[in-house]
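Me: I would like to talk through this structure with you, one question at a time. Could you take a look with me?

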Amino acid sequence: MSDATANMTIYLKVWRQASATAEGKFVDYKVDHVSPDMSFLEMFDVLNDQLVKKGESPIAFDHDCREGICGMCSMMINGKAHGGQKGTTTCQLHMRKFKSGDAIVVEPWRAKAFPLIKDLVVDRSAFDKIIQAGGFISAQTGNAPDANANLIPKTVADEAMDAAACIGCGACVASCPNGSAMLFMGAKISQLALLPQGQPEAPRRALNMVKSHDELLFGNCTNHAECEATCPKEIGLEHIARMNREYTKATFTYHEKARGGDGA
Amino acid sequence: MTSSKLDSKVPSGDLYAKWDKHKFESKLVNPANKRKFTVIVVGTGLAGGSAAATLAELGYNVHAFCIQDTPRRAHSIAAQGGINGAKNYQNDGDSIKRLFYDTIKGGDYRSREANVYRLAQVSNNIIDQMVAQGVPFAREYGGYLDNRSFGGSQVSRTFYARGQTGQQLLLGAYSGMMKMVNKGKIKMFSRREMMDLVVVNNQARGIITRNLVTGELERHVADAVLLCTGGYGNVFFLSTNAMASNVTAAWRSHKRGAYMANPCFTQIHPTCIPVHGDYQSKLTLMSESLRNDGRVWVPKKQNETRKPEEIPEEDRDYYLERVYPSFGNLAPRDVSSRQAKYRCDEGLGVGTTKKAVYLDFRDSIKRDGLSTIAGKYGNLFEMYERIVGEDPYKTPMMIYPAVHYTMGGLWVDYNLQSTIPGLHVLGEANFSDHGANRLGASALMQGLADGYFVIPYTLSNYLASNKIDKLTTDHDAFKEAETRVKLADDKLFGLKGKRSVDDFHKALGHYMWEEVGMARNEAGLKKAITGIRKLKEEFWQDVNVPGTAGEYNFELHKANRVADFLELGELMALDALERNESCGGHFREEFQTSDGEAVRNDESFCHVAAWEWSGEKAAPIRHVEELKFENVQLATRSYK
């Protein structure tokens, strides 16, 4: 097919580590016949195909939808989460952004809260735990009033949507010098705090999620804003600000009395 | 005549009252007893996620499994357009009955009336539920929900959250799951793949999974199993599905006794970014809405070397406008896809691979202005530029059809139960309510309907009316199933062949695309069957799977999936060969009018074909469920 255009040569330095406990190291690879139309992950497919044919172990990396929405792909490329192209996940980064002969360093997400599994694959289940602590509205199936019963101004719905666009990839954590998940958590708290449906649980949500975040060994926010710069969905720092407001408000106003039973 | 194994269990009585009647007649499980039951849910997309959360809320113990690192990444997330609901908020004449009718017609009269009516009924509850969970649907300035219209309907009933409706709905279902994980009612198993179904005393009682990180095989026992594992579009190698989407859970259940229904019904979407090279791993959909303002064309002569913007009007063929003067560029998905294929077959395709057509916005930009077009499609144009590296404001887009959705799947009755008692199948994984062709914005609706509003009732009826014995994973059936998986792994590692798994997958995809794709004929389907059989033999002689089973081994995962795709692919070709008619996404070239329109055969094929596996050596058996239309009249779709 279009192999005539596949004329780039790329020099890769890739982090290889057999398991969480094994020692890791950078390994050099040369990939020939790279087409500028390839995605970064397709270039890895080509490399892995060569490794398999040589009987070597292919490089493990996370990926799934390859259209920038599932949040599974996660590579630190030349020190930038997802490679640093604005609003772009690793799977949507294309080789035409590089030049033939380029050397590219590829590492996994590095953060205390994301233990390494293999090569470029890390364990991001700490994100699920933050959501479990309160990133939901308790609306049991069948309970819901008519969808138009609560009016939500367009501007509010749009802002909630900006926050809700988070794909949970973890680039914010990987790029933060403190390994903080405040942008991830702030996006969820902010989305639900903006909506009337989210009000009843808002204080409890903020307190519980922040507590969970800290227990999971994510660091604190010191306003570097690197998360905002690398977020592939361009989620803004204002959501961290709203989270802080929600949290502060809750510490003053919210008190859960410990009394056993629901009285039923 | 309908096969005795295929009793649809549709309740008697008036169409409009069937579901209410059925719910009332279904047995319930006492709240205190629900905690004694364990339910396995495989897959955590819209169907699995909503089912797991809801069943856990009701009090069942749910064990949920997903192939990704977290349930939030299931491929429902990639749906762009929206979700239908018969709310009639626009006062434009919509109703449950109209949504029902549009869905039956859109499916070209190959779905079950009662199921489709129920789907339309619960569509409204879904919208309410998702809003209550905090899904930020698009709103009007007054605060009311916004709607848009979509292909195949004359009303605006589609709810949407920008171009990320699937993502927002999935995150809603996921947040409900996380709430129940926190309460200890859902036990979540991620990075797991279902490798086999365990059937004991003719009841589905458990599954064997592989821990994808450690490679370990695990046994899980339960009182019922729900398969919510999505579609099998990746049998074509290239599709808009995610990389891990596969048929293994469904296919292995098929081999344990679940019938596979209408496997040849696949949907090919006309507006995707074309294939650009052999190394390509997947295809990306561009929203169908682009056809509202874009004009589709190819050059009139072969081997055209000029840039598209330099080709004058008289050398362009706007073939959709020419062939379908009244629908033009808005002809339905199957029709538009097929026409693009014909142009490329004639040697008129464009781009480096010659397998693409132009979608041109020049005239609409001239007519409406750049800012209007940017306002409507700006994000899509950006996405296109990111992938292709060309600016669609200046150069026409290149598009080509791609496999997108599979209407076929495991056969289920009105209760969503397969031919194996206790095995229920939800969402795209079942043969579903979409007949031979799915309308836009209906997939999300069906997944959530099954999970939120159907299975909670029908599962309790199953659990309350059947005797389910106590069982542990020490039972021989678990041992046998696990051994079966292990032996297949050993065999794969033992081959030490010369070809990679992807080589075989691509070869299979080639047969599927060329012969079992947009247009099919007897000779081609026979060729595909022979070719795929041979390919399967070669696979089991010459595939190379490196490494061991006891590690994170992606090649092993893929090899098992491709082994199943090879068997499914053959069945799809056989199903297409036996269905001597054209309907919906299934177009047989022998059955068309003189001007190329599909010719359905209601006399002989107004039925569901459900296939029974009868072993490696024997031919599968085709069973039939007759479809009765009592409320709508069968008619011919026309788009001229």
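Me: Which residue in β5(A) does Ile77(A) stand opposite?

Reply: Happy to start there, with a word on the ground rules: this is a predicted model, where local features need pLDDT of at least 70, side-chain atom pairs count only at pLDDT 80 or more, and totals for chains, interfaces and linings use all residues. Residues are numbered from 1 along each chain as its sequence is written, while chains are lettered from A and ligands numbered from 1 in the order in which they are written. Strand β3 (residues 76-77) of chain A pairs with strand β5 (residues 103-107) of chain A in the antiparallel sense over 2 bridges; strands are DSSP runs of E with at least two residues, helices are runs of H or I with at least four, both numbered from the N terminus, and two strands pair if DSSP finds at least two bridges between them. Within β5(A), the residue opposite Ile77(A) is Val106(A).

Me: Which are the edge strands of the open sheet of 5 strands in chain A?

Reply: The order in that sheet is β2-β1-β5-β3-β4 (chain A), and its pairing is mixed. An edge strand here pairs on one side only, and that describes β2 (25-34) and β4 (80-81) of chain A.

Me: What angle does α1(A) make with β2(A)?

Reply: α1(A) packs on the sheet and touches β1 (8-16) and β2 of chain A, where a contact means that the C-beta atoms of two residues, placed from the backbone, lie within 7 Å. Axes are lines fitted to C-alpha atoms, for helices over the stretch in contact, and angles run from 0 to 180 degrees between N-to-C directions. On that scale, the direction of α1(A) makes with that of β2(A) an angle of about 100°.

Me: Which element gives the most to the side of chain A that touches chain B?

Reply: The contact joins 69 residues of chain A to 65 residues of chain B. At least two residues each come from α1 (40-53), β6 (116-118), α2 (125-132), α3 (154-164) and α5 (182-194) of chain A. With 7 residues, the element that gives the most is α1(A).

Me: How many residues on that side of chain A are nonpolar, polar and charged?

Reply: Ala, Val, Leu, Ile, Met, Phe, Trp, Tyr, Cys and Pro count as nonpolar, Asp, Glu, Lys and Arg as charged, and the others, Gly among them, as polar. The side of chain A that touches chain B divides into 32 nonpolar, 21 polar and 16 charged.

Me: How far apart do the C-alpha centres of domain 1 and domain 2 of chain A lie?

Reply: The bounds, which come from an automatic or database domain assignment, are 2-117 for domain 1 and 125-253 for domain 2 of chain A. The C-alpha centres of these two domains lie apart by 30 Å. Their contact takes 19 residues from domain 1 and 17 residues from domain 2 of chain A, so to come back to your value for the centres: 30 Å.

Me: Why is strand β1 (residues 38-42) of chain B largely enclosed by the rest of the structure?

Reply: A residue is buried if 20 or more other C-beta atoms lie within 10 Å of its own, exposed if 12 or fewer, and partly exposed in between, with C-beta atoms placed from the backbone. β1(B) is largely enclosed because its buried residues number 4 of the 5.

Me: Which residue of β10(B) is the bridge partner of Ile40(B)?

Reply: β1(B) pairs in the parallel sense with strand β2 (residues 61-65) of chain B over 5 bridges, and in β2(B) the partner of Ile40(B) is His63(B). Strand β10 (residues 224-227) of chain B also runs parallel to β1(B), joined by 4 bridges. In β10(B), the bridge partner of Ile40(B) is Val225(B).

Me: Which strand gives the most to the side of domain 1 of chain B that touches domain 3 of chain B?

Reply: Here 35 residues of domain 1 are in contact with 36 residues of domain 3 of chain B. β7, β8, β9 and α7 (248-255) of chain B each supply at least two residues of the domain 1 side. The strand that gives the most, with 6 residues, is β7(B).

Me: Which residue of β8(B) is the bridge partner of Met194(B)?

Reply: β7(B) and strand β8 (residues 203-211) of chain B run antiparallel and are joined by 8 bridges. They belong to an open sheet of 3 strands in the order β7-β8-β9 (chain B). In β8(B), the partner of Met194(B) is Thr209(B).
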